[in-house]
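This report describes the fold of one protein and then turns to a single part of it. Please consult the sequence and the structure shown below while reading.

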Amino acid sequence: MPNMKYASERDAKATLATYWTSASLPVDPVKIARDMGVRVVLAQLGEDISGMIVKRPDEDATIYVDVDDSPKRQRFTVAHELGHYVERADDRGQLSYVDRRGGPWSLRELYANEFAGHLLMPADAFTRQWAEQRSLVSVANHFGVSQDAAEVRRRRLGLQ
């Protein structure tokens, strides 16, 4: 996977340009998924799984999100699973990822996390919001993400 950081940013921007033509925030990853032909299902996934995506030949992809997670966590999980879907765009016959809490990381997992950050917190909008607020709580609420996700995004963008 050549230069994961730039590929995830490029792909998230293209996804937003195609499926989120509204300038409004927060971005709705469930609407984007549905517009892409991906089903989103809340399910009891157990304590160690936050989400998964399954795509079988001749079927639409389905993202499963743990019903017990907070709405902000669910939003990030949907965006993360969409990252897997987009990253594997050339291999749509079959696809399956299970995201375990605290599980092993791979380049595909890093790509999906970066994609989710770019999708839910576009760099320009995040930078403007950070300059205006300088409050992690306010910025996280503005984008509908957890404070942890906003902090990671702030660091990734090099904002002080």
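## Order of elements

Read from the start of the sequence, the predicted model follows the pattern α-α-β-β-β-α-β-α-α-α-α. In total, the protein has seven helices and four strands.

## Burial, contacts and surface

The protein comprises 160 residues, of which 46% count as buried. Among contacts with a separation of 6 or more, 61% are between residues 24 or more positions apart.

The accessible surface amounts to about 8500 Å². Carbon and sulfur atoms contribute 49% of that surface.

## Helix 7: the buried face

Helix 7 spans residues 147–156, and its buried residues are Ala149, Ala150, Arg153 and Arg154. Viewed down the helix axis, these buried residues fall within an arc of 140°, and they therefore line one face of helix 7. An α-helix has 3.6 residues a turn, so residues three or four places apart point the same way.

Which helices do the buried residues of helix 7 pack against? The partners are helix 3 (71–87), helix 4 (107–120), helix 5 (123–133) and helix 6 (136–143).

Just after helix 7, Gly158 adopts a positive phi of about 70°.

Notes: Residues numbered from 1 in each chain as written. Predicted model: local features only at pLDDT ≥ 70, side-chain atom pairs only at ≥ 80, totals over all residues. Heavy atoms only, no water. Helix = DSSP H or I, 4+ residues; strand = E, 2+ residues; numbered from the N terminus. Buried < 20%, exposed > 50% of the residue type's maximum accessible area, 1.4 Å probe, protein only. Contact = heavy atoms within 4.5 Å. Areas by Shrake-Rupley, 256 points an atom, 1.4 Å probe, with all protein chains shown as cover. Arc of directions from axis to C-beta.
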